[in-house]
Amino acid sequence: MTRTVYVNGEYLPEGEAKVSIFDRGFLFADGVYEVTSVLGGKLIDFAGHAKRLERSLNELDMRNPISSDDLLEVHRELVRANEITDGMIYLQITRGAAADRDFAFPGDDVEPTIVLFTQSKPGLADSPAAKVGIKVISIADERWGRRDIKTVQLLYPSMGKMMAKAAGCDDAWMVEDGAVTEGTSNNAYIVKGDTIITRHLGNEILHGITRAAVLRFAREAQMKVEERAFTIDEAMGADEAFITSASTFVMPVVEVDGTAIGTGKPGPVAARLREIYLEESRKAAV
Ligand code: PLP
């Protein structure tokens, strides 16, 4: 099926959608993005993603070309036109295409570029990986210093995924100054006793929308949460580990650098949080 995509105010078949070769997203990775999941034809935590988008744009002094209400309508129209039951909506906004390549930002006369497309993933919430867990390796965190901004500079995370794949694993946890920052495209957690431990917010990690929801649900369920840095050694000695992201929800991690975590099987805390997260998010979906 040919997808209908959204480019700068128009809905088009994917093969007809075009962006300039001078687009700053292409030339400078001068752009931001969001990924919102769709379950049962509805958007999970749209408001959270729209808010973070606004923040990313503000931090980069980039104009937002669309209101939050219109953005919701575009998301919904793409879900409808592409008959998405479960999947993701990818959104990217760049600083647009100036007349020529220039490091300096263009003036306000240059319109930002906005692109959205859908990715259909039937059964997204029933991923077989959630039943067996994933394996991670640790790698140095060699990204830039403003990881709290969701930019399209994803080369190092892509390289991290390839390093994980080469090691027969699923993902990489990045380490800086001896402590885990996050996964290549997800936030990282360990569980020790009855405490859930995940890195505190700062410029070193992306402020995950799923992270915020999961920590809220955990606290509501009277679970203990500690927001602080942890090491790979601590992860190896933990009872459980997991990751969160918009497309994986809560995903157990059963091995790090070849060492089994806890029993080497998905643990009860991750399973419970996944269940609560999916249930509550479906209820609140729009
Ligand atoms: N950390 C990084 C580096 C990411 O790329 C992502 C998602 O893409 C996340 C964390 C998780 O964020 P969210 O829960 O908003 O998807």
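**Salt bridges and a helix pair**

Author: Arginine 211 and glutamate 227 form a salt bridge, with their closest N and O atoms 2.7 Å apart. Here a salt bridge is a side-chain nitrogen of Lys or Arg within 4 Å of a carboxyl oxygen of Asp or Glu. This is a predicted model, where local features need pLDDT of at least 70, side-chain atom pairs count only at pLDDT 80 or more, and totals for chains, interfaces and linings use all residues. Residues are numbered from 1 along each chain as its sequence is written, and side-chain values use heavy atoms, with hydrogens and water left out.

Reader: Ok, and which parts does arginine 211 tie together with glutamate 227?

Author: Arginine 211 lies in helix α6 (residues 209-220) and glutamate 227 in strand β12, so the pair ties together parts 16 residues apart in sequence. Helices (H or I, at least four residues) and strands (E, at least two) are DSSP runs, numbered from the N terminus.

Reader: Is arginine 211 buried or exposed?

Author: Arginine 211 counts as buried, at 4% relative accessibility. Glutamate 227 is partly exposed, at 34%. Buried means under 20% relative accessible area, exposed over 50%, and partly exposed in between (1.4 Å probe, protein chains only).

Reader: How many salt bridges does the count come to?

Author: The count comes to 23 salt bridges.

Reader: And which residues are linked in a network of salt bridges?

Author: Asp141, Arg143, Arg147, Glu176 and Glu182 are. Within that, aspartate 141 meets arginine 143 at 2.9 Å, N to O. Aspartate 141 is buried at 8%, and arginine 143 is buried at 18%.
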